[in-house]
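Please look at the sequence and the structure shown below before reading on.

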Amino acid sequence: MTQVVSTTPGLFPLPDWAKDELSDLKGHQKTDLISGDESAEITDAYDRARREVLDVQTDAGLDRVVEGQLRWDDMIAHPLAVADSVDTRGIVRYYDNNNFYREPVVTGDLEATGDVAAELDAAAEHVDSGLQAVLPGPYSLADLATDEHYGDEAAFLDAIAAFLADEAGQFPDVETLFLLEPSLVENAPGDGADERASEAIDQVANAVDADVVAHTYWGAIEEKVYAHLMDADVDAIGFDLIADHEQTVYNVQEYGTKDSVALGLVDGQNTLVETPETIRERIDWFADQTTDYDTVYATANTELFYLPVNKFEAKLSALADAAELEEVQA
Amino acid sequence: MTGPREQFKPADHPNDHFLLTTVVGSYPKPKWHDRARELFEDEDADFGSDEWEEAKDDAARLITEEHERSGLDVVVDGEMRRNEMVEYFAERIDGYEFNGRVKVWGHNYYDKPSVTDEVEYDEEWLVSEYEFTSSVASRPVKVPITGPYTLANWAFNEVYEDEEALAYDLADLVNEEIEALVEAGARYIQIDEPALATTPDDHAIVGECLERIADEVPDDVRLGLHVCYGDYSRIYPEILDYPVHEFDLELANGDYEQLDVFKEHEFTKDFAMGVTDVHVAEVESVEEIKENIKKGLEVVPPERLTVSPDCGVKLLPREVAYGKMANMVQAAREIEEELDAGEIDLVAGPEASAD
C-alpha cells in the first residue's frame, strides 16, 4: 500500500509583515543581505516569522514540516553565502527567473558553519514530528558558486559535498532531508561529471540518519544523468511533473527508480491553485504509468518563495488535503 | 538615417551634426510626491483624489521641465504617474488580479499580478499622461510603454495555454493604446521589453508581438525598443528584423564589453546607446561620457546615434540623475562640434560596412 506523504521543498515567502519589518531593519542593497551574524532584532523578526510558517504548515496538515528557509536571501546558495572563505560578490540571475542572488566565490578551504543546523534546532522546538531538513544538492551548489581556490571542477564538487555533509552532520533529528538539485536539469553534467554528481549526493545523504530525497526541477533529467543518479544511495528521487512529465515517465520506465518517489505536483511558480483531486489524479497517473511505491512524497515542484502569501498557503492546504484523500480511500 | 528622426531636431540646434539626446523614462520622484501618495493611501488623511491628481500633475510638470532644463532634445515626464512598470498597466487591463508581493531579490519585492481571465482593453493607459506632458513641454515628448512580452512574462499566467498566446493578446492591446497615443499626437514611442533579456530564446515571440504593435502605425511615428541587462549576443542580429526604428540598449554598466556584438553584423537601425550607468550614484564627467559616445560611433554613423542613459534613472538620488542628463547633453553637443570640425574619424556606417 502506497503511503502519500505531503511535503514541500521549502524556501517559503516571508509573511507580508516580515517583508516590511525586515526590509526596514536590513535595507535594500546587496550589502544588506544575510551574513550569518545578524543583530538580535533581525533574529527576533525571523524567529517570529519562522513560528508563523511552522503553524501554517501544521494547520494545513502537512506530513512533513520544513523550517521555511526564510533567511535564505540567496536562495539555495545560502549555506555558502554565510560561510567563511566565501566572498559574496555581484548580484547574478537565479537560473532563468526574474530573481537574483549574490555570487558566492570560494577563496579558501570551506568549513561548515552550523547555520542551517541552528535554524533546524530553532524549528525543532516547535515541531512534534515530521521535521524535514532542506539543503542544496552538492552539484547545484557547486554550479551556483565560483571557485577561486580548489582549482578544478572535480575537486571543487568534492569540497562542496564534504562541506554539505558536515553541515548535515550537525542537524538535530529530522525525518527527511530534501537535497535540491535543479542544476542537474538546468545545467546537466557531462561525461564524468554526471558520475561525480551522483557520488557527491551520496556523500551528503550518508551524513544523516533520515530519509533522503534528491529533488530535481525545471524539467526532466537527461537520460544518462538519470542513470547515474540512480546509483546514489538516496531513498527517493524527486521529479518535476509540472515542467515535463513525459520524459520523466520514460526515464522511470526505462531505468526504474527507488522504492519511493517524490513528485512535484503543484506549481510553485503559478498562482493557479490545484485542487486536491487534481493532485491525487496526478499521483495515480504517474503510478499507473510506472509502478507502485512504498512512499510518494507529494510536493510542490519548486521552492515556494515565488508566490504571494495567500496562494502559497492555499497550495500547502491542497497538498495536505490530497494526501488525506488518499488515506480516506485506503 | 532610418526612421522619422529629423522632426526631433530643435529649430535652434547649434551644430550641423545632430545626436538625438533623450532618456529611457523613469526619474526619481520628488520627496513631497511620495508623501502625497502616502497621504492619499491613508484613509484618515484629508487628502482625496483631487489632491492626488494635482500632486501628480505638479510632479509631471516639474520633472518635464527638469528634463528640458538639462537640454534634452526629447523629454519624458519621468513616469511620475506610474508606480511600477508592470503594476501600472496591469491595474488598467481587464483580466489581471493582484494577490500580494513577491520577491525579486533580497528585500526587493513587487506586486506580481496574475492573469485570471482573458485580457481586454478597459480604461486608457497613457493618453492623458501624454496629453498633459506635451501641453507643458516645449520639446517633443517620448512615451515609454511596457511591452506585451514583459507584461506576460512578469505575471502569473493562470488561463492562457502558454505565455506566447497571452503575449499576442496583450500586443493587440498595446497596439490599440499606441493608435490612441498617435491620434493624440505622440510621435515617439518606446516599447520596454526588459523580460527579453531574461529569456532571449523568445526573441521570435517578441518579434511577432512587435509586428502586431506596429500594425497600421503611421510612418512618421518613431518606434523604439528598450532592452537591458542581458546577453545581447543571444538576440542580435535577429532583432534587426523587428519593425522598429531604434534599439535602446544598456552598455555603460558592462563597460561596453558587449559592444563588439553589434559590430559583427552591420547595425541597420538607429542605435540608442546607454552612455551613463544608472547603477552608479556618481555623475560621470563630460569627458568620460564623450568617450562613451565615441564608442557608439564605432557602431553607427552620427545620424543614427541616439544618446541616452542605460535605463530608467529612478533609483538614483535626484541631483545625480539630473547631473547625468546635463553632462550627457553637454557631451553630445561637444561631440557634434568636433564632428562638424572634422576632428573625429568616423569608423562606422556604410563606409565601414562596405567590406
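Ser114(B) stands opposite Phe156(B), which belongs to strand S7(B). The two strands S5(B) and S7(B) pair in the parallel sense over 2 bridges, where strands count as paired if DSSP finds at least two bridges between them. Helices (H or I, at least four residues) and strands (E, at least two) are DSSP runs, numbered from the N terminus. The model is a predicted one, in which local features need pLDDT of at least 70 and side-chain atom pairs count only at pLDDT 80 or more, while totals for chains, interfaces and linings use all residues. Residues are numbered from 1 along each chain as its sequence is written, and chains are lettered from A and ligands numbered from 1 in the order in which they are written.

Strands S2, S5 and S7 of chain B form an open sheet in the order S2-S5-S7, with mixed pairing. The edge strands are S2 (93-98) and S7 of chain B, each of which pairs on one side only. S2(B) pairs with strand S5 (residues 113-121) of chain B in the antiparallel sense, over 5 bridges, and Phe98(B) stands opposite Pro113(B) in S5(B). Helix H6 (residues 163-183) of chain B lies across S2, S5 and S7 of chain B and runs at about 45° to S5(B); such angles run from 0 to 180 degrees between N-to-C directions, and the axes are lines fitted to C-alpha atoms, for helices over the stretch in contact.

## The seven-stranded sheet

A second open sheet in chain B has 7 strands in the order S1-S12-S11-S10-S9-S8-S6, and its pairing is parallel. Strand S1 (20-21) and S6 of chain B stand at the edges with a single partner strand each, so one side of each is left without a neighbour in the sheet. Strands of a sheet pair through backbone hydrogen bonds, either parallel or antiparallel.

Is strand S8 (residues 188-192) of chain B enclosed or open? Of its 5 residues, 5 are buried, so S8(B) is largely enclosed by the rest of the structure; a residue is buried if 20 or more other C-beta atoms lie within 10 Å of its own, exposed if 12 or fewer, and partly exposed in between, with C-beta atoms placed from the backbone. Both faces of S8(B) are covered, with Tyr188(B), Gln190(B) and Asp192(B) buried on one side and Ile189(B) and Ile191(B) buried on the other. In a regular strand the side chains alternate between the two faces of the sheet.

Strand S6 (residues 143-146) of chain B runs parallel to S8(B) and is joined to it by 4 bridges. Val143(B) stands opposite Ile189(B), and Pro144(B) stands opposite Gln190(B). S8(B) also pairs in the parallel sense with strand S9 (residues 222-227) of chain B, over 5 bridges, and there the bridge partner of Gln190(B) is Gly224(B).

## A helix with one buried side

In helix H9 (residues 286-296) of chain B, the buried residues are Ile289(B), Lys290(B), Asn292(B), Ile293(B) and Gly296(B). They cover an arc of only 160° around the axis, which puts them on the same side of H9(B); the arc is that of the directions from the helix axis to the C-beta atoms. What covers these residues includes strand S11 (270-274), strand S12 (305-308) and helix H10 (318-340) of chain B.

## Where the chains meet

How many residues of chain B are in contact with chain A? There are 18, and they are in contact with 27 residues of chain A, two residues being in contact if their C-beta atoms, placed from the backbone, lie within 7 Å. On the chain B side, strands S3 (102-105), S4 (108-110) and S7 (156-157) each give two or more residues, and S3(B) gives the most, with 4 residues.

## A buried residue in chain A

Gln132(A) lies in strand S5 (residues 131-136) of chain A. Gln132(A) is buried, with 28 other C-beta atoms within 10 Å. Leaving aside residues up to four places away in sequence, Gln132(A) touches several residues, including Thr7(A), Arg64(A) and Phe178(A).
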